[in-house]
Structure formats: structure tokens, C-alpha cells
Amino acid sequence: MKDTDLAGRCALVTGASRGIGRAIALELASHGAHVILSARDTQRLEETRGLVAQSGGRATVLAGDLTADTYPSALDRTGHAIDVVVHNATAFPPYGALEDVPRAEVTRAFEVGVLAPMRITAHLLPNMKARGFGRVVFLGSIAGTTGAVRQAPYAAAKAALHGLVKSLALEGAAHGVTCNVVEPGLVLTERVLAAIPVATREALIAGTPTGRAGTPEEIAAVVGFLVSPRASYVTGACVPVTGGLGLGLT
């Protein structure tokens, strides 16, 4: 176990069944948090819970669709007061010119990436404020800052988080509640390998000053800091974890 600066805290991590979400769950558990693991795939969530248990941590599985109207009540039924929420779940519309992307895919990108997290945060925020402690972190993307060819719906959904995070930071600041967004660059997760064409991945790595893709654990380490008591003076921030991708001319 690492420093137990989250001992006694409960953290909800969405999209915790694999990739960055799984790494974040393991990171927060290693700091003493009881982690609620949320995603749609029960089997993968159980695998994550097993990894948390192997490392000496504690976790609860909450399988279900976070866009469902019943999701907030399902959170309540876990019996845990949630101090930390990490909105990691996302939807990847297919690559293509905007006019070729099905409307349903555009809608889902905003529903999963913006609207459902907003509803979940609204449900959890009053109790965070009442307890005088809360941490809200959104996983954005460098695409939300720079834009991305053939990814207009995805980039737009991630860009929407900037205004949301700053507004929530203003609302929560007087109550000990912080809100930040972490913007990864290219991270070669299972989903990224399946969704992003090889040529695009190679071009992104070529444009990354560090010369490589990031790892889920590197993203998780930054999230782990932002949700800790040590980050009490960091709010409304957009933190790039990109290896320098998007900095400018090289």
C-alpha cells in the first residue's frame, strides 16, 4: 500500500473495467480509498476488483449503464457516502467527416461524456458540500483543446468539459470541493488500439516530444494527486498529461 491519504474515503470510478479507469481504481485503492467500480461489463469489473484485492485494497462492483435514469439511485444503494468521483467513461464515435457520423453516435458521445457525468455530479455534490470535502475529476482529451481531424463529435464533447469543470470549481470552492479535468494524450489502451487507425497513432507519436505514448498508470498517478488532500488548492484546472503533444512547433 502507498500513503493512505484517502483512508476513510469512498471513490467512484466510471469506466473502471479496463484501461485508464482500471489503473485509476488501483491507484486510489492503493491510497486507502474504498473504490466503487462502475462500468457495464460485470466480468471485467470483477477482474478489476480482484486486482484491487490482490493489492490489499477494497472495492465494490456497480455494473450498469451510467446514462440510465436509475443510476443515481443505484449509487445510493451501495450504502457508501462518495467523497471522490472520477468521470472516466467515454464513448468513441467512429472516425469520419462530421456529415458521415451517425446522429446516434454524436448523441451518445455527449450523453456518456458530458450529460450523464453532469447528472451524477449533481446527485453527489450536495453531500460533498455538506461534509466539507469532495473531489471531482473528469478525463478529457488533448482533442478537446486542439481539435482533431475526423473526430469532431468526440473533440466537441471533451471541449465541453472545460466550461463544466470551471463552473463546478466555482460552485464547490467554498465547500472544500474541487473539480479538475485531466487531458491525456495518446495512451495505448485496448480501446484506443481498436478505435484509432495505426497511421493516426503513428502520427500522434511522431508529434509527441517525448517520442512515445503514455501509459494508464501515468494518467492514474496525476488523478491520484488531484483527488488527494494534497491538491486542496488545485481547482478549475485543465492538466495535460500528453508527453508534450500539442505544445507547438518542433
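Predicted model: local features only at pLDDT ≥ 70, side-chain atom pairs only at ≥ 80, totals over all residues.
Alanine 213 lies in the loop between helix H8 (198-206) and helix H9 (216-226). Alanine 213 has a relative accessible area of 13% and is buried, since buried means under 20% relative accessible area. Not counting residues up to four places away in sequence, alanine 213 touches Leu186, Leu188 and Ile205. Arginine 40, by contrast, is 173 residues from alanine 213 in sequence, and the C-alpha atoms of the two are 27 Å apart in space.

Threonine 189 belongs to another loop, the one between S6 and helix H7 (190-195). Its relative accessibility of 12% also falls under the 20% limit, so threonine 189 counts as buried. Once residues up to four places away in sequence are set aside, threonine 189 touches Gly19, Ile20 and Pro216.

The protein contains nine helices and seven strands. Its radius of gyration is 17 Å, close to the 18 Å that the globule rule gives for 250 residues, so the protein is as compact as a globular protein of that length. The C-alpha trace spans about 45 × 40 × 35 Å along the principal axes. Of the 250 residues, 49% count as buried. Among contacts with a separation of 6 or more, 74% are accounted for by residues 24 or more positions apart.

The accessible surface comes to about 11,300 Å², and 57% of it belongs to carbon and sulfur atoms. There are 22 positive and 20 negative side chains, with the centres of the two sets lying 3 Å apart.

The next feature concerns aromatic rings. A pair of aromatic rings is described by the distance of the centres and the angle of the planes. The structure holds one aromatic pair. In this pair, the rings of phenylalanine 92 and tyrosine 154 have centres 5.1 Å apart and planes at 25°, so the pair is stacked; the limit for that description is planes under 30 degrees apart. Phenylalanine 92 lies in the loop between strand S4 (84-87) and helix H4 (103-131), whereas tyrosine 154 lies in helix H6 (residues 152-172), so the pair ties together parts that are 62 residues apart in sequence. The two partners may also be described by their accessibility. Phenylalanine 92 counts as partly exposed at 28% relative accessibility, while tyrosine 154 counts as buried at 11%.

Arginine 150 lies in the loop between helix H5 (143-146) and H6. Most residues other than glycine have a negative phi. Arginine 150, although it is not a glycine, has a positive phi of about 65°. Its relative accessibility is 47%, and arginine 150 therefore counts as partly exposed, the range for that class being between 20% and 50%.

Glycine 176 is found in the loop between H6 and strand S6 (177-184). With a relative accessible area of 29%, glycine 176 is partly exposed. Leaving aside neighbours within four places in sequence, glycine 176 is in contact with Gly132, Phe133, Gly134 and Arg135. For arginine 135, the separation from glycine 176 is 41 residues in sequence and 8.5 Å in space, C-alpha to C-alpha.

Technical notes: Residues numbered from 1 in each chain as written. Heavy atoms only, no water. Helix = DSSP H or I, 4+ residues; strand = E, 2+ residues; numbered from the N terminus. Rg over C-alpha atoms; globule rule 2.2 N^0.38 Å. Buried < 20%, exposed > 50% of the residue type's maximum accessible area, 1.4 Å probe, protein only. Contact = heavy atoms within 4.5 Å. Areas by Shrake-Rupley, 256 points an atom, 1.4 Å probe, with all protein chains shown as cover. Lys, Arg positive; Asp, Glu negative; His and termini not counted. Charge placed at Lys NZ, Arg CZ, Asp CG, Glu CD. Phe/Tyr/Trp six-rings, centres within 6.5 Å; stacked < 30°, edge-to-face > 60°.
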